[in-house]
Amino acid sequence: MIHLHQTIAVLPSMEVEIVSRETIKPSTTILPHYRTYNLSFLEQLNPRTYTPIVYFYPKEASASDHYPNFCDKSNQLKKSLSETLAIYYPFSGRIKDRVSIDCNDEGVIFVEARIKVQLSQILEQPKDEVLDLLFTDKLQWNDDSNLTVILAVQVSFFDCGGMAIGICMSHKVADTSTMINFINDWAAMTPDHKADQYVSPKFIAATVFPRGEIPLPPESVIEKGDCISKRFVFDASKVAALKALTVNMRARMVPPLPKSSVGSMVWYYAVSTAEDESVIELHELVTQMKERMAQFSGTYLEKFGKEWPSIFLECMEESRKSFHIQNLVVYRCSSWCRFPIYEADFGWGKPIWVTIASCVLKNTIFLIDTRNGEGIEVYVNLEKQHMDMFERDPELLAFASLNPSVLI
């Protein structure tokens, strides 16, 4: 373990001190025949973008004000992470190339930081520049193809005794389902939990979605730009339309894949609003999305398991046609709703808030359930001139609050 004492001044009232940096290795050594982990064809297409998620935990009521147990918590997290990596063995390896992971047990980056601010100050008015400090090595949304690490963790302790766990995971090998399963399994490895609470991961992606003889096109690239990210919160009474966007690829295949399937098993479907010059109303767009999702599932997803790869090639050809429109503007929407994001209890209670880092992916929208599961937090990333209009739209503001306090 390397002990560091690097202090970063962010705001006049906030300082971040990097206390230590080390590499956590799995608790057991990998067997030789597991040394190479082959990626599925879907994963071979994926960009290497690191998806960031951060969990906030308040101080427990029983904790001492004078002697917060930071060291005990950090050690517990490292021990349970080591045990979890033994089960999720590819995650402690390194991305070798587009088609495989070298499961060399090099380990996971683990950084411990002290932040001289009260947790409540962050939750009262969340700010992107503050949230970005809760992830190590600026990995959030980083798509540098030279990066090979799969997972990195930063644990930040606040003056009040609260803490944040910031995690960046390569989208090359893990979608939202896999990332959340991994974190919940990590939490279940702590001493206060029973072993039967964690999910046994199934490494079947390359078997279900093999490349075979399919030519390998270039890796996907998601456009970035000079964009602004804003957080909007819709309460329970106004989210019925938004929740229609949720798609679980695993459950929609025939036969369905286990929820514990490890990998990046995501694909997209397109809804075009460019067929004529008329203005489309929100309810019409939602109807189109529902219809298109049902069509996509019935035509393609349900057949992926039995008719692979021919049905996938047909799907790709239709996708190309959808995007071959002159002056096309693409908006991407990713729903994290209905995933058990708020279930990660490491032994000191469930998180008070879970969020992502400010997004830099152009024209991208993320949907995440609120803590009570009844509302939705929407993260919208647009170019400045478009965001200036969007965030002032009276119809939007009649339904959503712009970056409200988490503590309400």
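Two strands are taken to pair if DSSP finds at least two bridges between them. Strands (E, at least two residues) and helices (H or I, at least four residues) are DSSP runs, numbered from the N terminus. This is a predicted model, in which local features need pLDDT of at least 70 and side-chain atom pairs count only at pLDDT 80 or more, whereas totals for chains, interfaces and linings use all residues. Residues are numbered from 1 along each chain as its sequence is written, and side-chain values use heavy atoms, with hydrogens and water left out.

**View 1. The open sheet β3-β6-β5 is formed by 3 strands with antiparallel pairing.** Its edge strands, β3 (36–38) and β5 (94–95), each pair on one side only. Between β3 and β6 (residues 100–102) there are 3 bridges in the antiparallel sense. Tyr37 stands opposite Ile101 of β6.

**View 2. Helix α2 covers residues 70–87.** Its buried residues (under 20% relative accessible area, 1.4 Å probe, protein chains only) include Phe70, Lys73, Leu77 and Leu81. Contact means heavy atoms within 4.5 Å; the buried residues of α2 pack against β2 (14–24), β7 (108–115), β8 (151–158), β9 (163–170) and α5 (176–188).

**View 3. Helix α5 is largely enclosed by the rest of the structure, because 13 of its 13 residues are buried.** Leu77, Ser80, Leu81, Thr84 and Leu85 of α2 meet Phe182, Asp185 and Trp186 of α5.

**View 4. The axes of α2 and α5 cross at roughly 125 degrees and come within 8 Å.** Axes are lines fitted to C-alpha atoms, for helices over the stretch in contact, with angles from 0 to 180 degrees between N-to-C directions.

Notes
Expected span 1.5 Å × (residues − 1). Buried < 20%, exposed > 50% of the residue type's maximum accessible area, 1.4 Å probe, protein only.
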